[in-house]
Amino acid sequence: MKKSLPRILFDKEQALEQFDTVTQNAMQDNLFRGSVLRVERFGKLQFEKAWGDALYDGQDRIPMKTNYLFDLASLSKLFTTNAILRLITLKKLQEHTLILDLLPYKDPRLLNALNKIDISSLLDHSSGIHYWYPFYTRQGESFESILSSVVEKHPLEKRVIYSDLNFMLLGLIVEQVTGKLLAEAMTDLVFSPLGMKSATYHPDPCRTVATEFGNRIEKQMVTNLGLEFAFWRTETVPFRGTTDDGNCHYFFKDEAGHAGIYANAKEVASLGKVYSGQETEYLDPELKKIATTNRGNDRGYGFQFGELYPQEGFGHTGFTGTYLHINPATGLTITLLTNRLHVACPQNINPFRQEISKLCLQTFA
């Protein structure tokens, strides 16, 4: 045993060097300005490191730190998922509660379109609701009014459609059931029970990682739809502490079910504890099993499956460059947070995510 120990340590050191090499190469390829990787196994820290910059605008530079808060973008959907699952565990909701029994909508177009949609079909994106619409281009109108016109123009389809609108509705349901604004409800249902002390919708900008220079990609999406919006953020300096997602920022004032949460890598990894056996009382065990079962089209309750989560893992990504991979088979929780929009020309970073994930499974499992 003693003779084999140096060999094991050497192999692991070699493996850890690969994380540096892969990440440095990615930054040289302008995939992002900086990143944080945190790896836990059965809730215990195995590795954590920060690379690159939290902010760089040509003049100012702030080196990345592991405790900095990232705009999680769609990774926020997993927090909303856990809020809903917690409400079900507390018997305040049921999986198959019809959403029109919870939301006080009266528009006949909505009542007709959504009359069979339940909580579960929002969670696994099987509702068939249209994937996206820039609600903020219709300032002064209610969510109900705009959604009514969206479902009229885009009738629900009988297939799985990954839709931000599903989780906008879930965020509104959390507010309706709890009687609280989303930020307060999320604190009660997710942040506090799971020990997330910094997770928030409204962070101190000085503690956050810079995201985009304006909403360059979303601006083009709005133009492509033939719509107009006059209140875009400036593209001359990167913004910090306000949500990148347009609907969350401009329409929901930075609090929404589909985006908006800021958290650091340690707090994101806390979700892994719920699904790796470290937190046994937070969710009903049978519900937890259902939530993490592939229900078709690589979707569970909130969770994604597929090639981004090898070895029977699951998790979620975020448009800003965030990624969580929970792998119950190995006990690993892999949290990889980057600021991929904080570059001149944002690129697809999925190959980088996959490479890091595979390295983690090889090194720490």
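Angles under 35 degrees count as roughly parallel, over 145 as roughly antiparallel, 65 to 115 as roughly perpendicular and the rest as oblique. Helices (H or I, at least four residues) and strands (E, at least two) are DSSP runs, numbered from the N terminus. The model is predicted: local features need pLDDT of at least 70, side-chain atom pairs count only at pLDDT 80 or more, and totals for chains, interfaces and linings use all residues. Residues are numbered from 1 along each chain as its sequence is written, and side-chain values use heavy atoms, with hydrogens and water left out.

Helices α2 (residues 76-89) and α10 (residues 265-275) pack at about 40 degrees, with axes 11 Å apart. Axes are lines fitted to C-alpha atoms, for helices over the stretch in contact, and angles run from 0 to 180 degrees between N-to-C directions. The two helices, α2 and α10, are therefore oblique to each other. Leu-78, Phe-79, Asn-82 and Leu-85 of α2 meet Leu-271, Val-274 and Tyr-275 of α10 (contact means heavy atoms within 4.5 Å).

An open sheet is built from six strands in the order β3-β2-β1-β8-β7-β6, with antiparallel pairing. Two strands pair if DSSP finds at least two bridges between them. Strands β3 (61-63) and β6 (314-318) stand at the edges, each with a single partner strand, so one side of each has no neighbour in the sheet. Strand β2 (residues 44-56) pairs with β3 over three bridges, in the antiparallel sense. Leu-55 has Ile-62 of β3 as its bridge partner. Helix α12 (residues 350-364) packs on the sheet and touches β1 (34-41), β2, β6, β7 (322-327) and β8 (332-338). The direction of α12 makes about 145 degrees with that of β8.
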